[in-house]
Amino acid sequence: MRVFNFSAGPAVLPEEVLRQAASEMLEYGNSGMSVMEMSHRSKDFENILFTAEQDLRDLMNIPDNYKVLFLQGGGWTQFAMIPLNLMRNKVADYIITGQWSKKAAGEAAKYGVVNEVASSADKNFSYIPDLSNLNITPDADYVYICQNNTIYGTTIKNLPNTKGKLLVSDISSMFLSQPIDVNKYGIVYGGVQKNVGPAGVAIVIIREDLIRDDVLPFTPTMLKYKTHADHKSLFNTPPCYGIYICGLVFKWLKKLGGVEAIYKINTEKANILYDYLDNSKLFKGTVEKKDRSLMNVPFITGNKDIDAKFVAEADKAGFKNIKGHRSVGGMRASLYNAMPIEGVKKLVEFMKNFERNNLN
């Protein structure tokens, strides 16, 4: 029996996609083999890869002067690739709104000077600081953000005023969940395991003028964007099966009506849960309302024993992976694209029953 999987990642995938993948497990098309078995140099796989790229371009309206790269290594590798490829002045500004931007800044500090130009660490990352008039470093190579904070349930709704500097954004946990204007970024990237596909693939969307040979001199071949751009993501064996699943998810999204359509659905799902939290006498959200994420909703009761009881009973009832991150505690429901509205409605119904039975 399928459960409602509220995991923050690896996360729920569309059932329709999983069924199609199952039907093609033994043989993809007329190839006589599974995607897992085929050469990445074959025409069949090239078709899978290039079709996936075009569908992503269609979904995100990616301009022609941006390259799309399907890479390995997840977000952590991008924490290094970004400074290695962009830090020509060896200076970068980072906006710290959660653990992942903090870790990215720590990695970048190995290669140059990192300036923390804004942070919400003072309130355990429960809000987004004012980004309208930052003290941007004059010789900064770029300004870095994590746009949606999976752990803390916040999202940057108004992009920072970078004062002309290049903007780099990690959109891992909001990838394809709402429209974004790619033109506003130099690089936008994400690990796919939260909202796009299975773990093992990172997608980097990078403006062509940033793909250069003059990277930091000790940059490994595999960590140069030019290496992968010049070979159309086929420099070495890519994560073939993961890319195939991403391609199926892109087709699924197009069939639904694209990013605008899923954005409406995601807004409806989030509102169902937030509306309940705002009126509950037992549960409460942990994020300032203006900065709430559509994708990740942390909440608590204020009593650790009651929180633990809720997590245990929810798990038995088929609401899986709802325990909050250790740095926040409580619970967290991730409402990614593939989470059906029915799952959110049933979760709220379960929460209401739990509240009736446990409110003193």
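## Strand S5 and its parallel partners

In S5, Tyr-144 is the bridge partner of Tyr-94. The model described here is predicted, and in it strand S3 (residues 91-96) pairs with S5 in the parallel sense over two bridges. S5 also pairs in the parallel sense with strand S8 (residues 167-170), here over four bridges, and Leu-167 in S8 is the bridge partner of Val-143.

In a regular strand, side chains alternate between the two faces of the sheet. In strand S5 (residues 143-146), Val-143 and Ile-145 point one way while Tyr-144 and Cys-146 point the other way, and all of them are buried.

## An open antiparallel sheet

Three strands form an open sheet in the order S11-S12-S14, with antiparallel pairing. Strand S11 (284-285) and strand S14 (331-334) stand at the edges and have a single partner strand each, so one side of each is left without a neighbour in the sheet. Strand S12 (residues 296-300) runs antiparallel to S14 and is joined to it by four bridges; Val-297 stands opposite Ala-333 in S14.

## Aromatic pairs around Phe-319

The count of aromatic pairs comes to 17. In one of them, the rings of Phe-4 and Phe-319 have their centres 6.1 Å apart and their planes at 15°, so this pair is stacked. Because Phe-4 lies in strand S1 (residues 4-5) and Phe-319 in strand S13 (residues 319-320), the pair ties together parts that are 315 residues apart in sequence. Phe-4 is buried, with a relative accessible area of 18%, and Phe-319 is buried as well, with a relative accessible area of 6%.

Phe-319 also pairs with Phe-6: the centres of these two rings are 6.4 Å apart and their planes stand at 40°, so the pair is tilted. Phe-6 lies in the loop between S1 and helix H1 (15-23), whereas Phe-319 lies in strand S13, so this pair ties together parts that are 313 residues apart in sequence. Both Phe-6 and Phe-319 are buried. One aromatic cluster is formed by Phe-4, Phe-6, Tyr-276, Phe-283, Phe-299, Phe-310, Phe-319, Phe-350 and Phe-354.

## Lysines over aromatic rings

Lys-123 lies over the face of Tyr-127, at 5.6 Å from the ring centre, and Lys-232 lies over the face of Phe-50, at 6.0 Å from the ring centre.

Definitions and conventions: Residues numbered from 1 in each chain as written. Predicted model: local features only at pLDDT ≥ 70, side-chain atom pairs only at ≥ 80, totals over all residues. Heavy atoms only, no water. Pairing = 2+ DSSP bridges. Phe/Tyr/Trp six-rings, centres within 6.5 Å; stacked < 30°, edge-to-face > 60°. Buried < 20%, exposed > 50% of the residue type's maximum accessible area, 1.4 Å probe, protein only. Lys NZ or Arg CZ within 6 Å of the ring centre and 35° of its normal.
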